[in-house]
Amino acid sequence: MHDYLSHQPILKKHSHHHSCNHHTHTHTDARAMDKRILKISLLMTFSMMLVQFVYSIISNSLALLSDTLHMFSDVFALTLSFLAIIAVEKWQDCQKTFGYFRLEILVAFVNALTIILSAFFIIYEAIEKLITPSEIDVKTMIIIAFLGLIVNAINGFMMFKGANLDNVNMKSAFLHMISDLLGSMIVVVGGVVIYFTNIVYIDTILALILSLLLIRWAVVLLKQSGNILLEASPVDITKVHNIILEHREVLEIVDLHITQITNKMFVVSMHIRVDIKTIEEFDILYKNIAKKLYNDFEIGHCTIQPVKEK
């Protein structure tokens, strides 16, 4: 591939030194590891989700049910993330000139919407339960929530240690695990308080708090993924503009577009009015601008169309 025309996200390289060998993790290595982690996390989370759902009904705990629905959104997110990685690796289509990397953004967008819908459902159930309170099997609630906490902690630790969290796909999955971990902790603490005080309203209040936290996190994710889908510039376009004009050969920036395909995969295209005499001079200018944008803003795909000064 020509310099500064990368069709892959810019990933941090993790190197491990051994006595005789030097190993560098490539894009393929990173995605293979992400896929293995997602497989394990998906299996564990799906199994725990079924257990929590059954016992949230048995214990009549709305907080436990809210945590179960959040775990369902985790399963949904992990499944989509896993399919997105497979699509990026396996699917080929000459019409999709940047491959299937945008699927990672679509996954994040859809994932955020499902979290918001789940949270509003829990808020509705919480309000209804405030009006007509019922008894809760606190012991069952605490035990099951604690098991869910352990599962989320293991998944979160695996992702933190082994996954490529620069990838928006894996980052959204990791944040799901962490938010679910916090949710399980809230349910456990709430269950303990209910056990010693017998105040059942705490279960409903905790469910409301957890739902509001989920909505807040989901809105942030929705905004981030929405900006990418709307092709908003991922970097300060004024700073890019000024850096380009620092090159004395550039007289005017006629047109400048910066978009993001997926995390760490930035694309810039521009028309610039230049004062140059030969194609060799433009080639040097092009490489200097592209290198500067790569080093300063991690823009890996740079296309420049010259407009010669009359």
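Predicted model: local features only at pLDDT ≥ 70, side-chain atom pairs only at ≥ 80, totals over all residues.
Residues are numbered from 1 along each chain as its sequence is written, and side-chain values use heavy atoms, with hydrogens and water left out.

The protein chain has an average pLDDT of 80, and 88% of its residues score at least 70; pLDDT is the predictor's confidence in each residue, from 0 to 100. Secondary-structure elements are DSSP runs numbered from the N terminus (helices H or I, at least four residues; strands E, at least two). Mean confidence is highest in helix α7 (residues 237–245), at 94, and lowest in strand β1 (residues 15–17), at 39. Over residues 13–25 the pLDDT stays under 50, and the model has 15 contacts (heavy atoms within 4.5 Å) beyond four places in sequence for this stretch.

Helix α1 (residues 27–59) contains S41, which is buried at 0% relative accessibility (buried, under 20%; exposed, over 50%; partly exposed, in between; 1.4 Å probe, protein chains only). Leaving aside residues up to four places away in sequence, S41 touches L78, N155, M158 and M159.

Helices α3 (102–131) and α6 (201–229) each supply at least two of the patch residues, with α6 giving the most, four. I209, in helix α6, is partly exposed at 41%.

Two aromatic pairs are found in the whole structure (ring centres within 6.5 Å; planes under 30 degrees apart stacked, over 60 edge-to-face, the rest tilted). Y195 and F196 form an edge-to-face pair, 5.2 Å centre to centre with 90 degrees between the planes.

Four salt bridges are counted (side-chain nitrogen of Lys or Arg within 4 Å of a carboxyl oxygen of Asp or Glu). One of them joins R273 and E252 at 3.3 Å, N to O; because R273 lies in strand β4 (residues 265–274) and E252 in strand β3 (residues 250–262), the pair ties together parts 21 residues apart in sequence. Another links D283 with K287 at 3.7 Å, both in helix α8 (residues 279–297) and four residues apart, about one turn of the helix.

How values were computed:
Phe/Tyr/Trp six-rings, centres within 6.5 Å; stacked < 30°, edge-to-face > 60°.
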